[in-house]
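Trainee: I would like to learn how to read the backbone, the sheet and the cores of a model. Could we take the features one at a time?

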Amino acid sequence: MTTSNHWTDCIRAFLHDPPDKSLSVKDHEGRTLANLAVALAIPEDQARHQAQKEADWLASACERLPLPKGTLWQDNKPLPDTQQRFNRIPADELQRCSSIDGSNPQPCATQHVRSQALKATDIIADIRKRHPNERAAAYALWRLLPEELPELCQLPGDTRLRDHSIIDHADAATAACAALRESQQADLLVFSLGPVQSFISQGRSLRDLWTGSYLLSWLTFQGMIPILEAIGPWAITSPGLRGNALCDWWLGQKEQGVVVDDNGSPLAPKNTSDLHYAGIPNSFTALVPREQAADLSQACQQAVQRAWRSMCLSVQSSLRKAWGEDGWDSQWQEQCDRVWDCRCLHVPFIQVNSSIGIIEETERLHSLYQRLVGEVPQAVVDAGHLAECLGSDAPGYVSAKGQGLWTMANELAQRVLEADKRARRVPSHEAMDDHREKCALMDGFSVMGPSGDTRTNHDWWKGADEKLRRLAKGDRPLARLRSSERLSAPGLVKRFAFDYFFRAVCGRMEFRDTRQAAMADWVHRLNKHEPKAWKQFEAKVARINDACEDDDIDPWTAYELLDPSRRDAGWWRGWSPTDHRNMLNELDQLLHKAKEHHLPEPRPYYAVLVADGDHMGKYLRGEEGPSFAQAYHPWMSDFLGSKGARDDLLQRVRPQGMAAQLAFSAALNRFTSGAAQHIQSHQGTCVYAGGDDVLAILPVATCLYAAAELARVFQREVGGTLTAGIAIVHSSDDLRSAISTARKAESYAKACGRDGLALTIARRSGDVTTAYCPWRFRGTEDSDNTRNLAHDWQEMARILAGQSPRWIHHLLNEQEVLRKMPLEAVWARARHLLLHGQEGELRKKAELDHGLAFPKLLDHFQEIWADSSIGMKSRDGFVQRAKTQNSEEAHAWLVDQFLVWCEHAAWLARFHDKSVREPATESAS
């Protein structure tokens with residue numbers, strides 16, 4: 001395992017370059033010595049011997065594209081600066097691409113960045129002063145320095161490259177140093193935990209959905225802890241952990257050197273709600289020393305098993321206090337051991353000759369890749385051609401055969417993991433003489449309770465929830481067991497894990513049900529106008545529930561009374577006829593106040609949103625992403641062109657380097673860390689946000705605004721494109737079916753060309769319609785591009801609020817005729833029917849025909865759907881409209897899409913205020 005000097009070496013590697021190196025490369029070594037002196041608490045003359053040059057060389061060999069020597073020589077003399085301008089790029093010309101697609105490079109040496117550079121050494125000294133322990137100091141510098149100097153740490157790691165920052169290079173160097181420090185051999189460790197979709201979707205409430213997602217994130221993070229403790233968080237190359245809520249919680253909980261903030265308090269997530277959502281995907285990759293790889297692989301799996309068993313034991317022990325120990329849990333451990341499929345393995349990465357610091361196993365890796373996968377990736381071949389163009393001008397630690405090492409090693413590791421997953425073990429079946437029924441949440445397991453005949457088991461479960469509530473007394477658990485529910489051991493853990501385990505980590509948390517999620521935005525708008533009315537109504541409902549004699553009946557909630565279909569059923573919930581009548585009168589008064597403020601009738605529909613990035617795997621494999629020309633500084637591209645590199649070669653996709661992947665992981669981490677806050681700002685609940693995936697529950701009135709915001713944030717933080725699916729369903733529908741509908745909508749959007757949103761409305765009547773719209777952001781250079789087609793779709797619904805829906809019924813009745821008419825005629829007919837239906841002052845203002853109104857949206861629709869890259873649905877599936885662009889089928893499909901757009905807008909209008917008001921305010925980015 002690691003020696004006493006491990007953490008010191010990691011500090012040396014992390015600070016081997018100053019954060020402001022690219023501002024002045026010529027004299028950066030002096031600033032490195034000053035930073036090392038304060039970070040290691042040693043005199044500056046001793047720091048000269050502590051500089052970790054090997055880490056820089058190794059990271060460069062693993063991460064960078066072909067580059068020339070720092071100084072080019074000829075006839076034993078350095079060439080003049082005019083002939084090596086590409087190596088002398090001034091600070092004012094520095095550029096950085098913050099997105100994975102290499103678009104929109106920006107100048108980065110601003111005045112604010114220069115002012116941060118003046119404070120860098122003092123900030124490093126302050127962090128070290130708060131962390132006298134070397135281990136804690138290494139953790140703290142990695143976590144806090146980029147936060148204290150955010151713009152400075154985003155400067156390019158090399159002035160000639162634009163695809164990663166100086167902090168990404170520092171992370172790569174630290175990971176390489178930690179992995180190669182002793183034996184000069186490193187392996188790639190890959191971890192995966194499953195099942196994912198089936199485990200998450202097996203839930204009957206939002207609480208079950210949240211717990212399933214959180215369990216996966218929690219257990220995956222527990223699998224990382226052996227690596228975090230032995231090597232450090234820099235060893236995890238994917239996903240990004242810096243700023244992750246669970247990682248911050250762990251760093252603040254350390255027994256050996258707690259990381260503290262600038263106030264001296266243990267590090268914790270900035271927002272307590274950040275710990276309330278799952279933010280880590282179910283897999284990770286790490287760079288580890290070869291001599292520790294086998295032990296760490298086993299330790300990761302054992303850590304997951306210990307964490308899961310600890311959770312199960314905590315729930316079991318708490319339930320035993322209520323249910324006794326009379327054998328109801330006889331198969332508890334057996335069932336819990338059959339839930340997870342945990343895989344962790346390691347593959348050889350590199351072996352380094354420390355005397356000269358170059359990669360010696362590149363040919364072996366090329367040969368292995370060709371044997372197991374096939375041809376070496378084209379991006380790797382292209383990088384080799386660029387390296388050959390440099391010839392004698394290439395530095396010693398980068399060779400033509402060394403390019404793409406990281407890309408091939410990652411691909412091999414993932415392939416081996418996938419092959420290992422296919423060799424699944426078959427779990428043993430439960431006893432054949434067991435007559436218990438299947439679990440209501442996880443149908444692969446039998447329910448707990450006494451074995452034997454079904455009646456005995458049913459009788460035992462009848463009083464199960466009552467015993468739990470009697471045990472809890474005043475502090476009753478938030479989770480409940482419905483009278484008809486029978487659960488297995490894993491099902492009980494999923495239902496009660498928050499009450500009996502996660503509450504110690506997350507603190508107290510309110511869980512919405514689907515009806516509350518549906519009414520959340522309506523109540524939020526009511527509170528803006530009548531801040532006391534809703535609280536008083538809730539308090540009255542609570543008082544009647546407390547007075548009910550039958551405590552075994554599920555109490556009414558104020559949100560449930562808002563559902564028109566449920567209001568008249570209150571008497572059988574334990575309420576007296578008088579209480580029921582009085583509360584209906586109170587409800588009428590509340591709805592009357594809402595009507596005075598032009599609020600719509602509350603409707604029990606909510607939206608399920610699922611989203612993920614497009615082609616993220618291809619970006620990681622180097623099949624998509626920035627070209628060489630986008631990754632290089634323009635001056636460097638010009639130099640390569642002068643050395644014989646063809647333009648078509650420079651325009652090809654570059655291979656993924658180690659630092660570039662770290663930048664990619666950090667960008668995804670920033671996106672998912674902010675996703676929950678954006679969803680909450682739209683009165684939604686973020687269930688899961690990890691990697692490039694998001695799952696959320698939202699009110700209908702804000703779901704398209706939230707989706708548009710997520711797409712904008714993804715484009716800003718990550719680059720590339722995002723595809724989303726939204727299903728609007730009734731709150732009484734099965735949650736599992738709702739999630740399945742949302743995933744089908746997402747698949748529909750992907751089949752239509754990705755980079756957009758598919759909206760499915762599943763009405764209570766059984767009618768289901770789906771429409772696709774691409775994002776297509778627009779705006780001026782001064783705008784933040786928050787508006788897109790999905791945003792305008794919701795705005796159209798807002799403007800239609802209060803209008804009669806007769807216009808859309810007439811339009812749909814004419815669908816067969818409209819399908820044969822030119823698009824201009826279809827839009828003219830839609831506008832005529834809509835404007836003809838306007839009434840009163842709104843018709844005089846003609847808002848629907850001005851500003852953000854109908855015609856502009858129609859014009860935008862025409863512009864978007866002229867793009868032949870968007871797919872269309874035919875009888876035989878999805879085909880590209882480019883193949884049938886002029887056919888009657890393509891035209892009819894386009895008209896159908898437009899009519900569904902209009903139908904959806906008219907239906908969504910029911911959830912918006914019935915007054916003319918300003919457009920909805922975007923949440924802060």
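Trainee: Where is P239 placed, and which kind of peptide bond joins S238 and P239?

Mentor: Most peptide bonds are trans. P239 sits in the loop between β6 (236-238) and α11 (245-253), and the bond joining S238 to P239 is cis, with omega about 5 degrees. A cis bond also joins G194 and P195, with omega about -5 degrees; P195 is in the loop between β5 (185-194) and α9 (197-201). Helices (H or I, at least four residues) and strands (E, at least two) are DSSP runs, numbered from the N terminus. This is a predicted model, in which local features need pLDDT of at least 70 and side-chain atom pairs count only at pLDDT 80 or more, while totals for chains, interfaces and linings use all residues. Residues are numbered from 1 along each chain as its sequence is written, and side-chain values use heavy atoms, with hydrogens and water left out.

Trainee: What is the phi of N104, and is N104 buried or exposed?

Mentor: Most residues other than glycine have a negative phi. N104 has a positive phi, near 55 degrees, and belongs to the loop between β3 (95-96) and β4 (106-107). At 54% relative accessibility N104 is exposed; buried means under 20% relative accessible area, exposed over 50%, partly exposed in between (1.4 Å probe, protein chains only). D755 also has a positive phi, near 50 degrees. D755 lies in the loop between α30 and β14 and is partly exposed, at 24% relative accessible area.

Trainee: How far apart are the end C-alpha atoms of α30?

Mentor: The expected span of a helix is 1.5 Å times one less than its number of residues. For the 17 residues of α30 (residues 735-751) that gives 24 Å, and the end C-alpha atoms are 24 Å apart, so the two agree. At the start of α30, a side-chain oxygen of D734 comes to within 3.0 Å of the backbone nitrogen of R736. After α30 comes G753, with a positive phi near 125 degrees.

Trainee: Which residues of α30 are buried?

Mentor: An α-helix has 3.6 residues a turn, so residues three or four places apart point the same way. In α30 the buried residues are L735, A738, I739, T741, A742, A745, E746, Y748 and A749.

Trainee: How many residues of α1 are buried?

Mentor: Nine of the nine residues of α1 are buried, so α1 is largely enclosed by the rest of the structure. T8 lies in this helix, residues 6-14, and has a relative accessible area of 12%. Leaving aside neighbours within four places in sequence, T8 is in contact (heavy atoms within 4.5 Å) with L40 and E134.

Trainee: In what order do the six strands of the open sheet run?

Mentor: Two strands pair if DSSP finds at least two bridges between them. The order is β11-β12-β10-β13-β14-β15, with mixed pairing. β11 (685-690) and β15 (768-774) are the edge strands, each pairing on one side only. From one strand to the next the twist averages 15 degrees. Strands β10 (residues 605-613) and β12 (residues 693-699) run antiparallel and are joined by seven bridges; A611 is opposite V694 in β12.

Trainee: Which strands does helix α29 lie across?

Mentor: Axes are lines fitted to C-alpha atoms, for helices over the stretch in contact, and angles run from 0 to 180 degrees between N-to-C directions. Helix α29 (residues 703-717) lies across β10, β12, β13 (722-730) and β14 (756-762), at about 165 degrees to β13. Helix α37 (residues 888-908) lies across β10, β13, β14 and β15, at about 105 degrees to β15.

Trainee: Which residues touch the most other members of the largest nonpolar core?

Mentor: In soluble globular proteins, nonpolar side chains tend to be buried together. A nonpolar core is a set of buried Ala, Val, Leu, Ile, Met, Phe, Trp, Tyr and Cys residues joined through side-chain atoms within 4.5 Å. The largest has 136 residues, and W218, W323 and W332 touch the most other members. Helix α10 (residues 206-230) gives the most to this core, with 14 residues. Apart from it lies another core, of 71 residues, including C686, A707, F898 and A909. Beyond its neighbours within four places in sequence, W323 is in contact with W328, W460, W461, A464, K467, L468, L481 and L492.

Trainee: How many helices and strands has the chain?

Mentor: The chain has 37 helices and 17 strands, and 57% of its 925 residues are buried.

Notes. A polar contact is a pair of N or O atoms within 3.5 Å; within protein, one must be able to donate a hydrogen and the other to accept it, and residues adjacent in sequence count only if both atoms are side-chain atoms.
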